[in-house]
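User: I would like to go through the labels used for this model and see what each of them rests on. Could you set the values against the definitions as we go?

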There are 2 protein chains.
Amino acid sequence: MNELRAFDLAAGDPATWRITEDAFDADAQHHSETVFTIGNGQLCVRGSFEEGYPDDHPAAFMHRVWDDMPVSVTELANLPRWWGVDLWFDGERFRLDAGRLLAFNRSLDLRTGVLCREVRWEAPSGAVVELGFERFADFSSPHRAAVRVSVASDRPVKVRTRAGLDAHVENTGLLHWRVAGQGADESAAWLHTRTRNTGIDLGSACAVTLDGVKADAAAGGADGVPTVEHTFQLQAGRTATLTKLVAIVSGIDAADPIAGASRLALDAAAAGWDALREASDTAWRQAWERSDVVIEGDQEAQLSLRFSLFQLLIAAPRFTEHASIGAKTLSGFGYRHHVFWDTETFMVPPFSYSQPQIARNMLMYRWHCLAGARDKARANGHRGAQFPWESAGTGEEVTPTWVPDSDDRALLVRIWTGDIEIHITADIALAVMQYWQVTGDDAFMRDHGAEIVLDGARFWASAARLESDGHCHFRNVVGPDEYHDRVDDNAYTNQLAAWHLRTAGTVARWLADNHPGRWAELSADLGLDASELAQWGEVAEAIFNPAAPDGLLEQFAGYFDLTDVDPAELRDPARTTSMQQLYGIDGIAATQVLKQPDVLMLAYLLPELFPGNALARNYAYYDPRTDHEHGSSLGPAISAVMACRAGEPEVGYQHFLRAARADLIDVRHNAGDGIHGASAGGLWQAVVFGFAGLEVTADGWHTTPMLPKHWTRVAFCFDHHGVRQRVVVEA
Amino acid sequence: MNELRAFDLAAGDPATWRITEDAFDADAQHHSETVFTIGNGQLCVRGSFEEGYPDDHPAAFMHRVWDDMPVSVTELANLPRWWGVDLWFDGERFRLDAGRLLAFNRSLDLRTGVLCREVRWEAPSGAVVELGFERFADFSSPHRAAVRVSVASDRPVKVRTRAGLDAHVENTGLLHWRVAGQGADESAAWLHTRTRNTGIDLGSACAVTLDGVKADAAAGGADGVPTVEHTFQLQAGRTATLTKLVAIVSGIDAADPIAGASRLALDAAAAGWDALREASDTAWRQAWERSDVVIEGDQEAQLSLRFSLFQLLIAAPRFTEHASIGAKTLSGFGYRHHVFWDTETFMVPPFSYSQPQIARNMLMYRWHCLAGARDKARANGHRGAQFPWESAGTGEEVTPTWVPDSDDRALLVRIWTGDIEIHITADIALAVMQYWQVTGDDAFMRDHGAEIVLDGARFWASAARLESDGHCHFRNVVGPDEYHDRVDDNAYTNQLAAWHLRTAGTVARWLADNHPGRWAELSADLGLDASELAQWGEVAEAIFNPAAPDGLLEQFAGYFDLTDVDPAELRDPARTTSMQQLYGIDGIAATQVLKQPDVLMLAYLLPELFPGNALARNYAYYDPRTDHEHGSSLGPAISAVMACRAGEPEVGYQHFLRAARADLIDVRHNAGDGIHGASAGGLWQAVVFGFAGLEVTADGWHTTPMLPKHWTRVAFCFDHHGVRQRVVVEA
């Protein structure tokens with residue numbers, strides 16, 4: 001950790017709820033912007049400064065506000081800048097690259113989602129001013145947020161403030177908005193923007209008040225930038241406080257989003273900051289009562305896990321079932337907010353166990369996207385529902401076919417995942433089954449879940465090719481381990497497909513037995529009959545399974561023939577790049593080195609496929625061949641669980657730390673693009689399924705704890721079939 | 001013309017210098033923005049309204065201010081909006097989509113480059129205001145421009161004006177600028193922006209004065225938008241006039257472009273509007289004395305030709321030899337300002353004859369780009385200099401490899417021209433030789449022109465493949481007729497290549513004989529010796545020439561085997577789309593229908609290759625197979641010349657009209673993307689080389705006139721070896 005940048009993980013107990021930073025490092029500002037992202041499950045805003053900073057990446061996103069751009073760029077439009085507050089002291093603009101920074105402190109309170117910043121700054125005029133910034137997104141409402149700025153000075157200064165809305169925002173050089181209207185008066189501003197290609201109207205409004213001094217207020221701004229401006233003389237020792245209460249409403253949520261936003265902002269102003277905070281804090285308390293996981297004996301682990309849960313809670317769709325969590329949450333531009341398998345495999349489980357309503361929203365998002373999945377299957381000549389590798393608003397495939405080469409931006413690199421990384425359809429079915437198992441939500445399963453599972457199974461049966469050897473094969477696919485793409489008989493894909501087909505039979509029988517009316521309706525809708533169900537079972541049996549007699553599974557056809565790299569090279573602590581960067585894309589594909597271990601991922605998800613010592617056999621083979629340190633950010637958390645299952649919790653703890661540091665310490669140098677959502681969800685799984693060893697079965701649940709030796713206690717709650725369970729594991 | 005939109009071509013004599021519009025048509029605003037582009041040979045601005053209009057495409061460009069974006073998007077950055085003036089009457093914003101438009105008139109004076117607009121507008125408050133707008137770019141200086149707005153009212157109104165600079169501009173959804181600084185006071189504003197990827201600094205400044213009333217002035221604006229604001233009470237019958245004098249300087253032209261721009265703007269303010277106009281008008285008078293072509297008996301022809309020359313004069317690089325004219329000039333976003341063969345083949349000749357200094361700048365641009373051309377040849381495994389199909393700042397190839405499909409923006413279409421449309425290297429050599437022939441500029445030829453011709457010839461010799469039939473072939477190429485791409489032995493390419501190789505031998509001998517010192521230096525630099533020169537001659541002889549015994553050239557190998565389409569279908573006046581749109585890309589390629597006639601283009605450029613009745617034979621074959629009406633915009637002007645040479649001036653006149661109307665009447669529905677520069681240059685060639693029949697030979701010059709029967713007189717000047725010649729052709 002020495003040479004890496006660490007947030008303060010060392011303080012006492014309240015510190016396990018607080019991410020702090022006591023100096024400003026301009027070179028690391030994009031990382032800090034990501035870490036200090038706040039939100040409310042509908043809208044998030046990065047920790048960019050209210051006053052801006054050169055080359056910052058300010059951004060706020062709201063679920064469902066997608067826009068398109070050629071070529072194939074579908075992403076959430078960066079919201080008009082609503083959190084900005086510009087300040088002048090004696091005519092000099094406040095910004096940290098001007099004047100002199102005397103003290104800086106930033107802290108994010110994970111309990112309440114309030115981000116605070118305290119700055120002591122010497123203005124170019126010599127005045128020393130104390131500035132306090134606070135912001136939060138109202139966790140009790142999808143549309144509201146608030147910003148407060150206090151200023152004090154050691155001598156009389158003339159202060160000018162400008163607070164409003166700014167449509168001149170961008171998604172990394174691309175424009176998504178047109179301005180359709182705006183207005184401002186002495187206490188409020190509003191803005192009407194519309195996405196350029198999807199035509200989504202957005203109303204933004206803010207009410208601005210200034211307390212503690214007598215000030216002149218005026219409407220101001222420019223085209224696309226309505227503002228409220230205050231000017232006043234600030235006496236030494238006095239404090240002026242500017243409060244900006246914001247509402248943002250899209251045309252998806254309201255018939256007149258512009259009027260709606262204005263009304264919400266004025267209502268918020270009437271209620272006041274404290275009332276908003278109280279409502280938001282209450283909602284947060286309720287969320288943490290469900291989601292918190294206590295780890296005693298390890299402050300870094302405790303804080304990292306709470307931070308990960310916080311980042312998932314602010315990005316998870318709490319107010320809609322038409323959105324899910326993108327690979328980089330709502331905290332940056334990375335992967336353009338697209339939803340991958342990361343969501344169901346890594347991020348849904350914490351919600352299925354702790355906040356099933358949110359998990360349901362995320363699974364319902366997939367159900368609403370079934371039309372897109374059916375289109376994709378049809379376009380590929382298949383039947384059923386083939387979920388897209390990358391999903392945005394409609395469920396159609398939005399994986400870019402070509403992307404600019406990272407070394408030469410004039411070149412394009414072909415991206416295959418959208419074409420052939422097909423395992424996601426089974427991953428989604430697995431998340432549905434896990435959700436059902438722990439929640440017992442039969443209504444969801446009856447009305448929605450069964451349809452996802454059944455139509456997905458139909459895709460697998462249609463895509464499987466029975467060959468002359470009597471087996472069905474899936475050729476030219478990509479498994480989770482993307483160091484090896486375009487392979488045949490990927491073990492993960494094949495076994496998940498077979499599991500999916502078998503499971504679909506079970507689901508069909510359950511539905512027919514327990515909800516015959518719905519079964520009649522759904523089977524008629526899908527044109528599904530007993531012979532097709534029987535055929536699914538046959539395909540499941542015929543799918544090629546490459547297990548050796550000793551239970552060792554070959555990751556894909558021909559994997560064992562690849563060059564075996566010296567494990568010492570893989571474990572070399574001096575290495576600072578991934579093995580793929582070292583060997584090249586084609587070079588690494590010729591070796592057995594793994595970005596993440598497909599077979600162990602399979603063993604994690606479907607342990608029943610690895611009876612006896614098969615798990616140990618596969619773990620012993622694949623774990624040493626994995627690029628744990630620099631491979632996939634998805635790997636370490638699951639490796640932590642597998643190490644526990646292999647009886648090695650201290651090894652598991654090393655993996656756990658890699659996941660814990662994915663964002664708080666910028667180990668991959670890409671945290672500036674946004675939070676690693678899969679790693680965050682995986683961290684919870686490492687603790688709950690790994691160290692605490694929770695297992696839910698058809699008969700109930702039990703734990704097989706395997707704590708790292710310095711952990712004294714792990715405690716958490718989860719809902720089992722609607723009844724809150726409390727789990728405490730002590731050393 | 002009935003159903004098409006025509007500018008007023010019908011008025012009396014002064015009208016042959018004026019483009020006018022007496023109504024505002026919002027649906028045609030992009031077309032009008034292009035037509036009313038003004039400029040000074042360094043910077044141009046589209047005719048977008050000072051106050052803006054919904055969905056307008058405002059843009060201003062300056063030579064050399066290139067920026068890059070992935071993937072391969074290199075284009076001139078839209079300049080910060082310097083021509084804007086925002087107005088409020090009794091608090092209501094003036095824009096033509098609000099209030100009531102009572103009268104509208106716009107006129108562009110081609111003699112002086114001044115664009116005027118008169119508007120009578122009823123404000124929402126009921127006041128009827130008269131507004132007058134004038135703007136021009138100072139033709140005597142690369143950096144200055146001016147805007148003037150006068151307002152009067154039928155009753156007392158409260159007026160607010162805002163004039164400044166605005167960095168929030170875009171290139172069709174892409175951002176090229178970052179704001180690096182700004183400022184404003186009560187009489188001036190300045191802005192410092194920097195291109196995001198090429199790092200070019202740009203200083204913009206304006207001095208703002210208000211005359212005729214007593215007003216309150218204040219600095220204003222927002223981030224990236226420094227402004228000067230005036231508020232005043234306007235009495236009935238009084239006129240207030242706002243004058244905005246602008247300077248724009250890039251870091252390419254000055255060490256401190258920000259200070260430079262501010263100083264130029266303040267100097268302009270000190271000198272005043274009238275002094276600026278006088279300097280600019282004088283420069284324009286000098287330009288027209290050289291470039292005007294008088295046509296009597298045909299007002300449309302007269303006005304169209306002057307308009308075309310105007311558009312070339314404002315885009316041509318008058319102040320630098322490091323820029324040339326892009327395919328769509330500086331008047332829009334089309335083709336991203338890239339320089340194609342259009343420039344040398346269509347736009348350079350009018351300058352070579354009338355303003356040789358400008359032609360020299362354009363050819364010098366290619367000389368400065370030789371390094372890029374050598375890189376391209378080397379990258380393709382060739383020697384010498386292979387000029388790029390599309391060229392921007394450095395001469396490297398900037399043709400996009402893939403572009404979004406026009407029907408489905410998520411798909412990409414492969415663009416082959418950058419790979420295999422190789423004839424441009426010979427087109428450039430031809431322009432060099434034409435320039436030399438008419439100007440006798442031996443110094444240019446000695447120091448620069450010879451190097452272009454010789455290193456280009458080396459490319460051809462290196463790229464030609466001697467095959468077993470004893471001939472050299474160029475396979476898999478694209479000729480000018482882009483309905484047929486990836487063809488073998490394109491007649492245009494082969495014959496131009498052979499001409500280029502023969503010509504290079506002549507140039508080498510001339511240089512060795514007349515400037516032995518320079519020859520010694522250049523041949524040493526290029527490593528060129530007598531054996532390589534001899535080899536060029538051998539390759540020229542060996543290049544396959546597909547002429548039939550009767551002189552009919554096959555456009556490319558296999559062309560005569562393609563399906564012949566009924567000429568009646570081609571000439572169907574009811575057709576409104578190109579034959580390619582009708583048949584599809586592959587469909588049209590299977591026919592003999594031509595986008596433009598390669599063989600006739602060859603005959604136009606190298607008439608010596610078509611002795612006796614060969615010209616007539618080829619004309620009779622290819623002209624009827626050409627999609628004149630909806631094919632290439634490059635075709636009609638040259639077809640006009642060829643019709644004259646075939647003795648059919650009335651047919652030529654129909655072709656001439658098609659070229660004349662390319663922009664003034666939006667026949668291709670794409671004039672909004674910018675002026676068709678090649679058509680504009682071709683129009684001059686149609687009159688001078690076609691109807692007037694001017695031919696410059698080694699011995700002097702002569703004319704073979706072939707006027708349309710209603711033309712009574714054509715008169716123009718040109719420089720022959722530094723001596724002004726006056727040509728008058730009378731019916």
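Analyst: What follows takes the labels in turn, with the criterion behind each.
This is a predicted model, in which local features need pLDDT of at least 70 and side-chain atom pairs count only at pLDDT 80 or more, while totals for chains, interfaces and linings use all residues. Residues are numbered from 1 along each chain as its sequence is written, chains are lettered from A and ligands numbered from 1 in the order in which they are written, and side-chain values use heavy atoms, with hydrogens and water left out.

User: Why is the pair A:Asp86 and A:Arg93 called a salt bridge?

Analyst: A salt bridge requires a side-chain nitrogen of Lys or Arg within 4 Å of a carboxyl oxygen of Asp or Glu. The N to O distance between the side chains of A:Asp86 and A:Arg93 is 3.5 Å, so the pair qualifies. Over all chains, the search of the whole structure finds 102 salt bridges.

User: What makes A:Asp86 buried or exposed?

Analyst: Buried means under 20% relative accessible area, exposed over 50%, and partly exposed in between, computed with a 1.4 Å probe on protein chains only. A:Asp86 has 5% and is therefore buried, whereas A:Arg93, with 25%, is partly exposed.

User: Which chains does the salt bridge of B:Arg162 and A:Asp223 join, and where do the two residues lie?

Analyst: The closest N and O atoms of B:Arg162 and A:Asp223 are 3.0 Å apart. This pair crosses between chains, from B:Arg162 in strand S13 (residues 157-164) of chain B to A:Asp223 in the loop between strand S17 (216-222) and strand S18 (225-234) of chain A. Helices (H or I, at least four residues) and strands (E, at least two) are DSSP runs, numbered from the N terminus. B:Arg162 counts as buried because its relative accessibility is 6%, while A:Asp223 counts as partly exposed at 30%.

User: How do you know that A:Arg378 and A:Asp375 are about one turn of the helix apart?

Analyst: Both residues lie in helix H7 (residues 370-379) of chain A and are three residues apart, which is about one turn of the helix. A:Arg378 is exposed because its relative accessible area is 56%, and A:Asp375 counts as partly exposed because its value is 42%.

User: What is the side chain of B:Arg81 doing with B:Asp86?

Analyst: The two side chains make a polar contact at 3.4 Å. The term covers a pair of N or O atoms within 3.5 Å; within protein, one must be able to donate a hydrogen and the other to accept it, and residues adjacent in sequence count only if both atoms are side-chain atoms. B:Arg81 is found in the loop between strand S6 (73-76) and strand S7 (85-89) of chain B, and with a relative accessible area of 15% it is buried.

User: How does the radius of gyration of chain A compare with that of a compact globule?

Analyst: The radius of gyration is taken over C-alpha atoms, and the globule rule is 2.2 Å times the number of residues to the power 0.38. For 731 residues a compact globule would have a radius near 27 Å, and chain A has 26 Å, which agrees. Of the 731 residues of chain A, 62% count as buried.

User: Why do strands S2 and S4 of chain A stand at the edges of their sheet?

Analyst: The open sheet of three strands in chain A has the order S2-S3-S4, with antiparallel pairing. Strand S2 (38-39) and strand S4 (60-62) each have a single partner strand, so one side of each is left without a neighbour in the sheet. Two strands pair if DSSP finds at least two bridges between them, and strand S3 (residues 43-45) of chain A pairs with S4(A) over three bridges.
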